[in-house]
Amino acid sequence: MAGATSSRWPLAVLKAWHAVLAGGFLVAYLTADEDTYAMHQFAGYLVLVAIVLRLAFGVLASGESPLRLPRPSWRRMKEWVATRKGRHPLFAWFAASLLAVVGLAALLGALADGASWLEDPHEAVAEASLWVIGAHIAFVTYMYAGRKWMARIGARLSSAPRETLR
Amino acid sequence: MLKQMLVQGLIAALVVGGAAAVYAQARENGYLSAPAQTQTGNPDKERSDGDRHARGDRDRRVHDHGTEARAASPGRDSDDD
């Protein structure tokens, strides 16, 4: 029991952190306007702090902890493609990419407070990060729900009477 | 799990948005001091109310002094909004 409890809290912390990061990014993106600049600044700094804390916890976390930093690997990708066993390697690739691109956007935004010439790069990286976030959402949706939906659709199509398929 | 994470993210967005709104309101009312850069009069930073519009104007960002740019442009009304 103690073992199960002690292994649950890192995952709970990770999920809470993910919620704060996603919510903070959403607020920062929606308030990226001169009229709501203070809100944008608040949310942006929150995202930056969340990324820094994640990196700090990730470095300090033990070997098998969920809080350990993602370590994408080409070798593991090739092994997975050959065997189709184990956790999908794209999880690690997406996690690392998102930490990098969202972290860079937040960092550039913070630096732009002192150097206005960084505003354009900040905006460009933030817009680019949307694509990575969209791909991440599409991937996890497929991995956790899409395959079930496709299996159900396939089952319905295969069980439907032939006349209805013409 | 997907639904749970989606709901958690939306709740977090609401909480963060609410906190951000409180922060913005407090700053507007003067309860919180402005960032240090604006108090030192950094020409790269224009955070005062009168210069807020200049921040969104890409052309004006090229110039170091938004007020000078406005003065140099004849017929420009900074209170259009």
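**Exercise 1.** Does Glu79(A) count as buried, partly exposed or exposed, and what is its relative accessibility?

*Solution.* The model is predicted.
Step 1. The relative accessibility of Glu79(A) is 41%.
Step 2. Buried means under 20% and exposed means over 50%, with partly exposed in between.
Step 3. Glu79(A) therefore counts as partly exposed.

**Exercise 2.** Find the salt bridge partner of Arg75(A) and describe where the pair lies.

*Solution.*
Step 1. By the rule used, there is one salt bridge over all chains.
Step 2. Arg75(A) pairs with Glu79(A), and their closest N and O atoms are 2.7 Å apart.
Step 3. Both residues belong to helix α3 (residues 74-83) of chain A, where they are four residues apart, about one turn of the helix.
Step 4. With a relative accessible area of 55%, Arg75(A) is exposed.

**Exercise 3.** Describe the largest nonpolar core and the surroundings of Val102(A).

*Solution.*
Step 1. The core has 21 residues, and Leu21(A), Val47(A), Ile51(A) and Val102(A) touch the most other members.
Step 2. In chain A, α1, α2 (37-60), α4 and α5 each give two or more residues to this core. Helix α4(A) gives the most, with nine residues.
Step 3. Beyond its neighbours within four places in sequence, Val102(A) contacts Leu21(A), Phe25(A), Val47(A), Ile51(A), Ser129(A) and Ile133(A).

**Exercise 4.** Characterise the largest pocket by volume and lining.

*Solution.*
Step 1. Its volume is about 1800 Å³.
Step 2. The lining has 50 residues, with His18(A), Phe91(A), His136(A), Val140(A) and Met5(B) nearest the pocket centre.
Step 3. By class, 32 lining residues are nonpolar, eight polar and ten charged.

Key:
Residues numbered from 1 in each chain as written. Chains lettered and ligands numbered in written order. Predicted model: local features only at pLDDT ≥ 70, side-chain atom pairs only at ≥ 80, totals over all residues. Heavy atoms only, no water. 1 Å grid on protein atoms, 1.4 Å probe; cavity = no way out; pocket = protein on both sides within 12 Å on 5 of 7 lines; lining within 4 Å. Points joined across faces, edges and corners; volume = space filled by probe spheres on them. Nonpolar A, V, L, I, M, F, W, Y, C, P; charged D, E, K, R; others polar. Core = buried A, V, L, I, M, F, W, Y, C linked by side-chain atoms within 4.5 Å. Buried < 20%, exposed > 50% of the residue type's maximum accessible area, 1.4 Å probe, protein only. Contact = heavy atoms within 4.5 Å. Salt bridge = Lys/Arg side-chain N within 4 Å of Asp/Glu carboxyl O.
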